[in-house]
Structure formats: structure tokens, C-alpha cells
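Take a moment to look at the picture, and then we will walk through some of its charges together.

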Amino acid sequence: DLELVREQSREIAERETRSLKEARDAAIQEAERLRRKYKDAKEEREQALAEFKTMQESSQATLSELRATLKTREFELDRARIFLEEQKRGSTELKLEHDICAKKLEILRAEFYEAQASHSAQVAELQTCLEAAREKLRIYAALELETDDLICKYGATAASASEAEQALCTAEASRSLGCVPTVAS
């Protein structure tokens, strides 16, 4: 019986040893699997952290670029506003200057037409005066020729006929001088 117990004990011990070995091997395998899993998880975490860091840096760079672009656009917008305000001011000044020039032009046109009408009236008056002066000059020239003829005609016979000369001169002179316009006429 003792042998049986020993053998059973040994079998139990072998079973337990086998079972412990299997449990130990399973625990070692599980530990190895967990280590691999931990290592893989750690690598994935590091990779994810690296990607996150890269993405964060990229995002920061993009954000910086966008901020710089925004500042540039704001500056350009401010310049455009200032330019627009200057253009509006310039346009207002030019419109005012245009209005002033248009009013000056209207006044100058009115003065020109008035001066033109006055000039036309003066020209007409001067032409009338010129025609009257020409007519007087023609009459005076004819009178001078007539007077010269009379002086020449009667100068030769002056000694013999002083009475006749007086009568003739008086008649001729009154006939010739009657057509000469006077200041009253």
C-alpha cells in the first residue's frame, strides 16, 4: 500500500509538476505576449506621439503662415481703404473744381457774347461813320477840284473883269457850297 501511495503521490507530484510547468510555460508565454503587446503599444504610442508632434508643428507652421497672411491682408485692406478715401477726396475736389470751372465758363461765355454783340454794334457804328466820312471826303475833293478850276479860269481874267468875277464867284460858290454838308446837317 505504501507503494501505491507513493506511486499515487508521485503521479500526483508529476501531475502537479507538469501542471505547474504548463502553468509556468503558459505564464511565460503570456508574459512574453504581454511584453510584446506592451512593446507594440509603446511603439505605437511613440509613433502616435511623433505623428502628433509632427502634426502639431505642421499646424503651428500653418497657423503662423495664416497669421502672417492675415496681417498682410489687413495691411493691404487698410492701404486700400486709405487709397479709396484719398480717391474720394480727390474726386470731391475735382468735382468742386469742375463746378467752379463750369460756372466760370458760363460767365465767360456770357461776357463773350455781350462783348461780341457790343463789338458788332461798334463795327456797325464805325462803318456808318466811315461811310459818312468817305462821302464828305468825296464832296470835299470834288469841291477842291471845282475851286481849283475856278481859280485857274478866273485868275487869267482877273485884271479885266473884277466886277464880273465877283458876281460869278459868288454864284459859283453858292452853287458849289450848297451841297457841302455842314455840322448841323
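What follows is a short tour of salt bridges and a charged surface patch.

Keep in mind that this is a predicted model. How many salt bridges does the count come to? The count comes to eight salt bridges, and the table shows three of them, among them the pair Arg-15 and Glu-11.

| Salt bridge | Closest N to O distance |
|---|---|
| Arg-15 and Glu-11 | 3.9 Å |

Arg-15 and Glu-11 both belong to helix H1, four residues apart, which is about one turn of the helix. Asp-99 and Lys-95 are also four residues apart in helix H1, about one turn. Arg-134 and Glu-131 lie in helix H1 as well, three residues apart, again about one turn.

Are these side chains buried or exposed? Arg-15 has a relative accessible area of 47%, so it is partly exposed, and Glu-11 is partly exposed at 37%. In the next pair, Asp-99 is partly exposed at 32%, whereas Lys-95 counts as exposed because its relative accessibility is 54%, and the cut-off for exposed is over 50%. Glu-131 is partly exposed at 46%.

Finally, find the negative surface patch: Asp-40, Glu-43, Glu-44 and Glu-46 form it. Glu-43 is placed in helix H1, which covers residues 2-156. With a relative accessible area of 43%, Glu-43 is partly exposed, and a patch residue needs over 30%.

Note on methods. Residues numbered from 1 in each chain as written. Predicted model: local features only at pLDDT ≥ 70, side-chain atom pairs only at ≥ 80, totals over all residues. Heavy atoms only, no water. Patch = residues over 30% accessible without salt bridge, like charges linked within 9 Å, V, L, I, M, F, W, Y side chains within 5 Å. Areas by Shrake-Rupley, 256 points an atom, 1.4 Å probe, with all protein chains shown as cover. Salt bridge = Lys/Arg side-chain N within 4 Å of Asp/Glu carboxyl O. Lys, Arg positive; Asp, Glu negative; His and termini not counted. Charge placed at Lys NZ, Arg CZ, Asp CG, Glu CD. Helix = DSSP H or I, 4+ residues; strand = E, 2+ residues; numbered from the N terminus. Buried < 20%, exposed > 50% of the residue type's maximum accessible area, 1.4 Å probe, protein only.
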